[in-house]
Amino acid sequence: MKRQESVLDRIKETPDERESMMTHDTENTAVYKLREARSVTVITGAGVSAESGIPTFRGPDGTWSNAKIEDVATPEGFQRNPQMVWEWYLRRRNEYAGAQPNPAHDVIAAMEQHYPEFLLVTQNIDTLHTRAGNRKVLEIHGNINQARCLRCDTVFENPHFTLPENSITCPKCHAPARPHILWFGEMYDPAQLEQINHFLAATDVVLVVGTSGVVTTPVYFALYAKQHGAYVIEVNPNVSEVSKDAHCHLRQNAGVALPQLWQAVMAEEQ
Ligand code: NAD
């Protein structure tokens with residue numbers, strides 16, 4: 001008996017092979033699906049913030065090109081050198097504070113206003129979605145402005161933009177705190193995963209915007225929603241690990257593609 005093909009089998013293929021195997025619905029179908037939808041889920045990655053001047057994860061100018069993942073994005077790295085890790089995240093916090101939401105963030109905020117059922121799942125920690133106006137958002141990789149107590153797990157808004165002498169401590173129990181970021185080797189929040197799966201099982205359309213899918217969570221989310229009947233639209237100038245499971249691919253930067261798509265959806269409605 002032929003073994004059922006899994007997501008992992010699929011992502012072994014090269015990007016070119018995957019591109020040729022994709023289905024290609026037209027943008028008109030995507031517009032129609034978005035016009036008819038009652039429930040919409042948007043999943044975003046670093047690419048949605050690229051046009052705000054925040055580097056994506058990988059590539060020559062990427063976030064990690066000047067740092068080793070094992071040093072700054074693992075619990076072991078933090079244990080070895082908490083001061084260096086805090087300074088790295090505070091530098092990024094200062095960079096992100098200077099960035100502004102771009103037209104892609106604005107469209108995603110408008111979608112939340114428009115649809116009766118809406119959920120935004122972001123891998124980004126930069127807070128640009130909430131600054132653009134989204135409220136129904138789950139930041140599954142954490143938030144650059146928050147810290148978490150190493151003793152009592154309290155999550156709090158970090159008041160510091162530079163590292164104080166006694167490091168950053170919990171306002172409740174005064175124990176040391178760490179960045180509230182999901183690091184490599186750590187578990188997703190099970191309550192968030194349950195909420196996302198519940199929503200995806202009944203959503204009409206999923207937009208996957210600016211994620212490579214190398215961290216495979218968005219690939220599983222998109223596939224799960226598709227298996228439950230959702231229409232999947234990818235917005236990414238490049239082929240990604242999500243591509244093969246999307247019905248429609250908008251191969252442009254999100255700051256261009258999303259405003260055009262949304263204008264067409266609203267025009268159809270009149
Ligand atoms: P990634 O760097 O692996 O992939 C980025 C994707 O965005 C690529 O597929 C690329 O083709 C696409 N892209 C580039 N420019 C785009 C644009 N203008 N419009 C649309 N798509 C564009 O990023 P990822 O998949 O999000 O990787 C996940 C990790 O990156 C997460 O852990 C996340 O926390 C972290 N991260 C977050 C930020 C942020 O908060 N802004 C920045 C860097 C990394």
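**View 1. Aromatic pairs in a predicted model.** Two rings of Phe, Tyr or Trp (its six-membered ring) count as a pair if their centres lie within 6.5 Å. The model shown here is predicted. By this rule, 4 aromatic pairs are counted. One of them joins Phe78 and Trp183, with 5.5 Å from centre to centre. Their planes stand 40 degrees apart, and the pair is tilted. Phe78 belongs to helix H5 (residues 75–80). Trp183 sits in the loop between E6 and helix H9 (190–200). The pair therefore ties together parts that are 105 residues apart in sequence. Are Phe78 and Trp183 buried or exposed? Both are buried.

**View 2. Trp88 beside Tyr89.** The ring centres of Trp88 and Tyr89 are 5.0 Å apart. Their planes meet at 85 degrees, so this pair is edge-to-face. Trp88 and Tyr89 are both buried. Which residues form one aromatic cluster? They are Phe78, Trp88, Tyr89 and Trp183.

**View 3. Charges over rings.** Arg178 lies over the face of Trp183, 3.9 Å from the ring centre. Trp183 is also the partner of Phe78 in the tilted pair. Elsewhere, Arg93 places its charged end over the ring of Phe161. The distance to the centre of the Phe161 ring is 3.9 Å.

**View 4. The second largest pocket.** This pocket holds about 290 Å³ of space. Its lining has 15 residues. Nearest its centre lie Ile140, Arg148, His180, Leu182 and Asp189. By type, the lining divides into 5 nonpolar, 6 polar and 4 charged residues. Strand E4 (142–149) and strand E6 (177–181) each supply at least two lining residues. E4 gives the largest share, 4 residues.

**View 5. Where the pocket lies.** Why does the second largest pocket lie between domain 1 and domain 2? Both domains give residues to its lining, so the pocket lies between them. Domain 1 is made of three stretches, 1–54, 101–141 and 188–270. Domain 2 takes in 55–98 and 142–181.

View 6. Helix H10 covers residues 217–227. Which of its residues are buried? They are Thr217, Pro218, Val219, Phe221, Ala222, Leu223 and Ala225. An α-helix has 3.6 residues a turn, so residues three or four places apart point the same way. Gly229 follows H10. The phi of Gly229 is positive, near 100 degrees.

Terms used:
Residues are numbered from 1 along each chain as its sequence is written. This is a predicted model: local features need pLDDT of at least 70, side-chain atom pairs count only at pLDDT 80 or more; totals for chains, interfaces and linings use all residues. Side-chain values use heavy atoms; hydrogens and water are left out. Buried means under 20% relative accessible area, exposed over 50%, partly exposed in between (1.4 Å probe, protein chains only). On a 1 Å grid over the protein atoms alone, a cavity is a set of points where a 1.4 Å probe fits but cannot get out, and a pocket is an open set with protein on both sides within 12 Å along at least five of seven lines; lining residues have an atom within 4 Å of a point. Grid points are joined across faces, edges and corners, and a volume is the space filled by probe spheres set on the points. Ala, Val, Leu, Ile, Met, Phe, Trp, Tyr, Cys and Pro count as nonpolar, Asp, Glu, Lys and Arg as charged, and the others, Gly among them, as polar. Domain bounds come from an automatic or database domain assignment. Rings of Phe, Tyr and Trp (its six-membered ring) pair if their centres lie within 6.5 Å; planes under 30 degrees apart count as stacked, over 60 as edge-to-face and the rest as tilted. A charge sits over a ring if NZ of Lys or CZ of Arg is within 6 Å of the ring centre and within 35 degrees of the ring normal.
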